[in-house]
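Student: Please take a close look at one part of this model. Then show me how that part connects to its surroundings.

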Amino acid sequence: MRIVLQDVVLRDYLLPDVEDEVRWTNVDTAWFYADTPWMKLEPADPEELRRDMLEIMNSMPQDAIRWRFEIEVEGRHVGLVSSYYLGEDFAPTPWESIDQSKNAVGNHSVRALGIELCEMDCWGRGIGTKALTAFMDYYRSLDEHRFFLETWSGNLRMLGCARKLGFYEVNRVKDAHIVDGKAYDGLILEKRFL
């Protein structure tokens, strides 16, 4: 599957993407620490990742609802968008309760969106805004009209992107994360389409 919005393409995972993913988890890790600086990124084993991705690629029906797309700009793989579910209490919905053939759960969960723009030279260029717009448009075409974003109060790029897209804060956990000795809040933002 391939979705185009101006100069940003969302597409299915391709085997050559493994090399980028290995680099992003072993060498070029700034994207991870901008997103979750309180966590440690585990290095990826190239062969294990290649096996896992081949299995996922080969088992996904063409008509399956996608939970992940790769982001491509000018023919270059630069990151990914993904989704998962949060309940009305903002707790993650267990993976095993999701119908994998439909990537769907009952009416008590809301799709949360994530974005990883892994190439630093792509930051601040509006690529994330376009990628999330295209991602929401994809789900809106499947009759989904409510979305969450999870972030933290120190992730100013994500907060700027969310504001541009019309997301608003619906939950705040004070002092949820300590980064370089400073406390930051955990945030859930929401966007609803009529």
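Tutor: Start with the outward face of α3. R51, E55, N58 and S59 are exposed there, on the face turned away from the buried side of the helix. Exposed means over 50% relative accessible area, buried under 20%, and partly exposed in between (1.4 Å probe, protein chains only). Helices (H or I, at least four residues) and strands (E, at least two) are DSSP runs, numbered from the N terminus.

The model is predicted: local features need pLDDT of at least 70, side-chain atom pairs count only at pLDDT 80 or more, and totals for chains, interfaces and linings use all residues. Residues are numbered from 1 along each chain as its sequence is written, and side-chain values use heavy atoms, with hydrogens and water left out.

Now the length of the helix. α3 covers residues 46–59, and at 1.5 Å a residue its 14 residues should span 20 Å. The end C-alpha atoms are 20 Å apart, which agrees. The expected span is 1.5 Å times one less than the number of residues.

Turn to the other face. L49, R50 and M53 of α3 are buried. Seen down the helix axis, the buried residues fall within an arc of 100°, so they line one face of α3. The arc is that of the directions from the axis to the C-beta atoms.

At the start of α3, a side-chain oxygen of D45 comes within 3.1 Å of the backbone nitrogen of E47. A polar contact is a pair of N or O atoms within 3.5 Å; within protein, one must be able to donate a hydrogen and the other to accept it, and residues adjacent in sequence count only if both atoms are side-chain atoms.

What covers the buried residues of α3? The cover includes α1. Contact means heavy atoms within 4.5 Å. Seven of the ten residues of α1 are buried, so α1 is largely enclosed by the rest of the structure. Those buried residues are D17, V18, D20, E21, V22, W24 and T25. They pack against β2, α2 (30–35), α3, β3 and β4.

α1 (residues 17–26) lies across β2, β3 (68–73) and β4 (76–87), at about 75° to β4. Axes are lines fitted to C-alpha atoms, for helices over the stretch in contact, and angles run from 0 to 180 degrees between N-to-C directions. Eight strands form the open sheet, with mixed pairing, in the order β1-β2-β3-β4-β5-β6-β8-β7. β1 (2–5) and β7 (168–179) stand at the edges with a single partner strand each, so one side of each lacks a neighbour in the sheet. Two strands pair if DSSP finds at least two bridges between them.

Follow β4 across to its partner. β4 and β5 pair in the antiparallel sense over nine bridges, and L80 stands opposite E116 in β5. Nine of the nine residues of β5 are buried, so this strand is largely enclosed by the rest of the structure. S83 lies in β4 and is buried, with a relative accessible area of 4%. The S83 side chain makes polar contacts with the side chains of R111 (2.7 Å) and Y139 (2.9 Å).
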